[in-house]
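Here is a short briefing on a protein model. Look over the sequence and the structure first, then read the points below.

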Amino acid sequence: MTLAVDLDDKDRGGPAQPLLSVAGLVKHFPVNRGLMGGARSVVRAVDGVAFEVAKRETLGIVGESGCGKSTTARLLMHIIAPDAGEILFDGEKVGTAALDLAGYRRQVQMVFQDSHASLNPRLTMEETVAFGPRVHGFSRAAALSRAHDLLHRVGLDPSRFAGRYPHEISGGQRQRVNIARALALRPRLLILDEPVSALDKSVEAQVLNLLLDLKDESGLTYVFISHDLNVVRFMSDRVMVMYLGKIAELGPAETILQNPRHPYTAALLASMPSMDPNNRTQEAPLMGDPPNPIDPPPGCRFHTRCKFAAPVCSAKEAPLGAVGLDHAVACLMAIPGSGHPLAPALASEAA
Amino acid sequence: MSAAPLVDVKGLTVDFAGSAKPVRAVSGVDLTLAKGEVLALLGESGSGKTVTMRALMRLLPKSARIGGQVRVAGRDVLALAPDELAAMRGPVVSMVFQEPGIALDPVYRLGDQIAEAVMRHEGASRSQGRARALELFERVRIPSAARRLDNYPHEMSGGMRQRAMIALALSCHPKVLLADEPTTALDATVQIQILLLLRELQRELGLAVMFVTHDIGVAVEVADRIAVMYAGRIVETGSCARVVQAPQHPYTQGLLASRAGHVFAKGERLGTIPGSPPDLANPPPGCAFAPRCKVAEAICTKDLPREYQAEPGHVARCVRLAPAPATVAA
């Protein structure tokens, strides 16, 4: 694609600098309890999250409802403002003179779960995809030409689909249009929030393959959010497991899925249906539902459902600590001398 | 299988007239369900799995026209008068819905909802009904059952609400339990708990269960047999193990190949089924899957394939399974 206007999408810090660097991200939502207002309490949706996304990698975020994965996506996109914490994009702090929000959003785009609700019902597919470029100063002809290129790239023949409205195409096709729209400003980072969860299985595979192809062709970076571990494993280089607003475990996809160190990650893996009729799941790995994020349990937030929980777990919170190359876990069992009976002894004691 | 099956469906069709073009959501489904058997109806949205299941209880909107024959526990369901139908729902067939938050009445305490069903169907007193409710809450392992009976649905978590829904469905000792995607709205760690609970209750109570799902993994965890639906027809039926290990219909094969859990090498692509399911207001002639099928032949777009047996108890609607020379002789 050759276009007269090209946007500020230069690589600034070189390949070693993370594309996205998040520190101390916090978002609490106030809620009123009871009919009379009562005491104000807060949902601790995201409660001190820090991670990095390297250039051209896919970071998968996985967790159950209420774990904060979608809030994290919205914070990354600046759809909602964080209460605390900062986001650096290729070394520049987002929302400052060096990188204002408009400039940031040209480079970071999002695809939502609900393909229907996220499209304007009164715009045709080509108008939808051309909208962003028009806003950013492209001529009508240039924007439409880019839209047609993109529709073609996501597997929708422009001669058939350019003039259609959202209600005239299937869910899988709509999600392709959403992806085309997200790519229209040639972003460097795509945030994909459950992009295939609403699709049928046979269509899900088509969209996942498309996302991999686009990444290979354009050197994109993805933050891929899903509740489905199989899908996250298929898509991601690294995986971040969240539980009640905090990171439970973070590391390379294969390491996390083959050798999980957090009991919650292990339970999530064991909860996946077995696919072997002769070897069905015999015991549920966890009891009960995830607790309400309004009143998260004290100490380690997972201790109420953890089969390894010790008294120290309700008193002390485990920081996210390294347990291997690029592999970190927030569990007292992984910290030497933490007071948990299953924790390794301190090096000085062992010597 | 000995006596007559508990559920016997022959040539079931369901048409929705309402909109501009009539839609045939189910076009000729035959299925049986024996006592103590678990059948999973597997299919994507619009395949007709939920409509098929709801036809067993006639829980369909007025615009639906049901044809064919539906027998449940000896009753001709399509011929029942309204009061006979109401008497059947609960003690003979009951249903667990996908969204307990919507299916349960938000303004009644859960214990009272269960007691009401027992009073209505068994002529029990209110206190007997409440006692049954307590027994059922303990059975589905709701912690602090006695206290939870006084909860309203919104006071419970999703997993607990689904347990309460199962308790309600079991309240009148049904013979057949229908479950419509009962775990789809739940988190993974809760889904497996509910699947194990349903499996345990089915075994202990000797229930016949029909389980609608879009997730093969879920079907494998609960089902004895799997029936795969596509565009309003059952395209493959067989034991759970054989359908998963030796799928016969190209659609089933495609579904299994497209699972993301299947691929382990980085950068590999998933097997896909091209295109999307057909518009049921304009179904393609012949085999409905032919336009997306990688091995379709000319005949596939002309004639509707009948069921062929791949092995005993395992059938699929695909002409590739037709015995080669016999087609002329027949």
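Predicted model: local features only at pLDDT ≥ 70, side-chain atom pairs only at ≥ 80, totals over all residues.

**Chain B as a whole**
- Chain B has twelve helices and twelve strands.
- Its radius of gyration is 21 Å, close to the 20 Å that the globule rule gives for 330 residues, so chain B is as compact as a globular protein of that length.
- The C-alpha trace of chain B spans about 70 × 55 × 45 Å along its principal axes.
- In chain B, 47% of the 330 residues count as buried.
- Take the contacts in chain B between residues at least 6 apart in sequence: 61% of them join residues at least 24 apart.

**Strands of chain B**
- Strand 1 (residues 7-16) of chain B pairs with strand 4 (residues 64-72) of chain B in the antiparallel sense, over eight bridges.
- B:D15 stands opposite B:R65 in strand 4 of chain B.
- Strand 4 of chain B also pairs with strand 5 (residues 75-76) of chain B, again antiparallel, over two bridges.
- Here B:R71 stands opposite B:D76 in strand 5 of chain B.
- Strands 4 and 5 of chain B form a hairpin with two residues between them.
- In the turn, B:A73 has a positive phi of about 50°.

**Where chain A touches chain B**
- 33 residues of chain A are in contact with 35 residues of chain B.
- Helix 7 (201-218), helix 8 (229-235) and helix 10 (263-270) of chain A each give two or more residues to the side of chain A that touches chain B.
- Helix 7 of chain A gives the largest share of that side, eight residues.
- The residues of this side of chain A divide into 16 nonpolar, twelve polar and five charged.

Note on methods: Residues numbered from 1 in each chain as written. Chains lettered and ligands numbered in written order. Pairing = 2+ DSSP bridges. Helix = DSSP H or I, 4+ residues; strand = E, 2+ residues; numbered from the N terminus. Contact = placed C-beta atoms within 7 Å. Nonpolar A, V, L, I, M, F, W, Y, C, P; charged D, E, K, R; others polar. Rg over C-alpha atoms; globule rule 2.2 N^0.38 Å. Buried ≥ 20, exposed ≤ 12 C-beta atoms within 10 Å, placed from the backbone.
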